[in-house]
Amino acid sequence: MSAPRGRFATYLDTLDLTSREYDGADVDRALQHPGLDALPALLSEAATPRVEELAQAARAVTLQRFGRAVRLFAPLYVSNACLSSCTYCGFSKGLDVVRRTLSVDAVAAEAETLTAQGFRHLLLVAGEHRVEVGADYLVACVERLRPVVPSISIETQTWSDDTYARLVEAGLEGVVHYQETYDRQRYAQTHLAGWKRDYDRRLSSTERAAEAGVRRLGIGALLGLGNDWRADVLAVAHHAAWLQREYWRTEVTVSLPRIKPSASGFQPAVPVTDAQYVQALAALRLAVPEAGIVLSTREPAALRDGLVRIAVTSMSAGSSTEPGGYTTPGEAQEQFAISDARSPAAVAGMLVAAGYEPVWKDAFPLRDDVEVPA
Ligand code: SF4
């Protein structure tokens, strides 16, 4: 089913995201008056050597808005079957990898393992396969997990029918759809076939989810995919601010995963260095101070530990990117390699040692029909 062009796409067309040159005085002004308008200067080459200043400013904003609390979640891969071809992904259609779609019972078993580790926020992840991971299947998964998992989100294909509403009715709280790159030309070069090839369908998906009652929206860009990472970070910030304005009842989170090795063999067009990565996350915090920032286990432990002190408000831990990877590992292909292999308890211990509170469950869940298990 086709999806209409979204309202944010029209807004995005009015923005000039092309990078230009800035100097030290521009960076000074941006640090004195941070915000969306200052973001291009904060992301500029002139600001990279001043990443420590950006980090200090971002840390102050993060502590003021979010305190010393970091939400922990786990991805639960339900399927790696996929009918789309994305050049950077280990699940891409046509790749000769072992495919697996979990039964609802197997999904429940994975969730049981994760809740035993302490998790109460789970993100159900799947490739785009309308037959193996259809709406009925996802609704059944959410209904099955609902009594024991207070916060369930999905990262699956986008939907243009009543699926988001059905999932909300079943107990879904959040939807994550990363645009990967906001550059239409580069998007077309890297999304070769399948529903994900439709740029506008993907870009409008969070609008449709919000209108169906989804309470948490996750957006992001895959750094290293586009030719201009600064333009993609700028687009993510504008997208987040727009969603916050239009759907003020929803919580908006942003994420900037970097490309990792996968069965696709994809090499980043323009790799993003660690210093640039810290710069991007710090600048994002200063531009959209109320957006949660999510960090995955793609990044190495030492970098993650540092980013928690700067901008991050939510992180995964002990992740497997393989369907069934928590209970029956080794039976299917993983999506990409993770870098931080520490256990959830070790990550929680790191947070406590750094003076932060690991938040396994929200004190006041967005869904009011669930009794939060102890
Ligand atoms: S990124 Fe998503 S849609 Fe694209 S190949 Fe991977 S799983 Fe499929």
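The crossing of helices α5 and α6 is right-handed. This structure is a predicted model.

**Helices α5 and α6**

- Helix α5 spans residues 104-116 and helix α6 spans residues 135-145; their axes lie 10 Å apart and the packing angle is about 40 degrees.
- That angle makes α5 oblique to α6.
- On the α5 side the contact involves Val104, Val107, Ala108 and Ala111, which meet Ala140, Cys141, Arg144 and Leu145 of α6.
- Sorted by class, this contact of α5 with α6 has 7 nonpolar residues, no polar residues and 1 charged residue.

**Helices α11 and α12**

- Helix α11 (residues 229-246) packs against helix α12 (residues 274-287) at an angle of about 30 degrees, and the axes are 10 Å apart.
- Because angles under 35 degrees count as roughly parallel, α11 is roughly parallel to α12.
- The crossing of α11 and α12 is right-handed.
- Trp229, Val233 and Ala237 supply the α11 side of the contact, and Ala280, Ala283, Leu284 and Ala287 supply the α12 side.
- The contact of α11 with α12 consists of 7 nonpolar residues, with no polar and no charged ones.

**Ligand shell**

- The residues surrounding the ligand are Cys82, Ser84, Cys86, Cys89, Phe91, Ser92, Gly127, Glu128 and Lys196.
- By class, this shell has 4 nonpolar, 3 polar and 2 charged residues.

**Val176**

- Val176 is part of strand β5, which covers residues 174-176.
- Val176 counts as buried because it has 23 C-beta neighbours inside 10 Å, and a residue is buried if 20 or more lie within that distance.
- Leaving aside residues up to four places away in sequence, Val176 touches Leu123, Ser153, Glu155 and Gly218.
- Val252 is 76 residues from Val176 in sequence, and the C-alpha to C-alpha separation is 9.8 Å.

**Glu180**

- Glu180 sits in the loop between β5 and α8, the latter covering residues 184-190.
- Glu180 counts as buried because it has 25 C-beta neighbours inside 10 Å.
- The phi of Glu180 is positive, at about 75 degrees, although Glu180 is not a glycine.
- Most residues other than glycine have a negative phi.

Terms used:
Residues are numbered from 1 along each chain as its sequence is written. This is a predicted model: local features need pLDDT of at least 70, side-chain atom pairs count only at pLDDT 80 or more; totals for chains, interfaces and linings use all residues. A residue is near a molecule or strand if its C-beta atom, placed from the backbone, lies within 6 Å of it. Ala, Val, Leu, Ile, Met, Phe, Trp, Tyr, Cys and Pro count as nonpolar, Asp, Glu, Lys and Arg as charged, and the others, Gly among them, as polar. Helices (H or I, at least four residues) and strands (E, at least two) are DSSP runs, numbered from the N terminus. A residue is buried if 20 or more other C-beta atoms lie within 10 Å of its own, exposed if 12 or fewer, and partly exposed in between; C-beta atoms are placed from the backbone. Two residues are in contact if their C-beta atoms, placed from the backbone, lie within 7 Å. Axes are lines fitted to C-alpha atoms, for helices over the stretch in contact, and angles run from 0 to 180 degrees between N-to-C directions. Angles under 35 degrees count as roughly parallel, over 145 as roughly antiparallel, 65 to 115 as roughly perpendicular and the rest as oblique. A crossing is left-handed if the near helix is turned anticlockwise from the far one by less than a right angle, and right-handed if clockwise.
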